[in-house]
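Here are a few notes to read alongside the structure. Please keep the display open as you go through the points.

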Amino acid sequence: MEEEIDLVGKAFADHYYHIFDNDRPALSALYKPSSMLTFEGQKIQGVEDITAKLTSLPFDKCRHVISTIDSQPSTFTGGIVVFVSGSLQLPGEDHHLQYSQMFHLVSVLEGNFFVQNEIFRLNYG
């Protein structure tokens, strides 16, 4: 069970960051109307508003480098909590931005999940 949770968490993180880095508008498929994102302290709810926030970030291209992925089962309808730390490389920038991000995935069908809750923070210092 624990190994399966870890595999799902890693597969989700790889999938999410691949889409984020290459086709950000396509992230909308990962959210539902009830989804909530807290981005640097700003709370945003719903597919349209979350997608608008993520696609309006002041950079077109970036590259996520994952350092760690920790996953736990959630009793909420077979969900999974995924916590990721890593760095973000922006074009033309020499230094990487360190970040932490948490996803609460909720199962909709066997093996399929959507993002119910997401929290993103840059790590300064």
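1. Start with Ser 35, which lies in strand β1, residues 31–39. Keep in mind that this is a predicted model.

2. Is Ser 35 buried or exposed? Its relative accessible area is 0%. Buried means under 20%, so Ser 35 is buried.

3. Look at what surrounds Ser 35. Its side chain reaches the backbone oxygen of Val 115 at 2.5 Å. Val 115 is also among the residues in contact with Ser 35 once neighbours within four places in sequence are left aside.

4. Phe 39 has 14% relative accessibility, so it counts as buried.

5. Which residues does Phe 39 touch, not counting those up to four places away in sequence? They are Ile 44, Lys 53, Leu 57 and Phe 120. Take Lys 53: it is 14 residues from Phe 39 along the chain, and their C-alpha atoms are separated by 8.8 Å.

6. Turn to helix α1, residues 2–22. At 1.5 Å a residue, its 21 residues should span 30 Å. The end C-alpha atoms are 30 Å apart, which agrees.

7. Several residues of α1 are buried, including Ile 5, Gly 9, Phe 12, Tyr 16 and Phe 20. An α-helix has 3.6 residues a turn, so residues three or four places apart point the same way.

8. What do the buried residues of α1 pack against? Their partners are β1, α2 (47–55), β3 (63–74), β4 (79–89), β5 (97–109) and β6 (112–122).

Conventions:
Residues numbered from 1 in each chain as written. Predicted model: local features only at pLDDT ≥ 70, side-chain atom pairs only at ≥ 80, totals over all residues. Heavy atoms only, no water. Helix = DSSP H or I, 4+ residues; strand = E, 2+ residues; numbered from the N terminus. Buried < 20%, exposed > 50% of the residue type's maximum accessible area, 1.4 Å probe, protein only. Polar contact = N/O pair within 3.5 Å; in protein donor to acceptor, adjacent residues only side chain to side chain. Contact = heavy atoms within 4.5 Å. Expected span 1.5 Å × (residues − 1).
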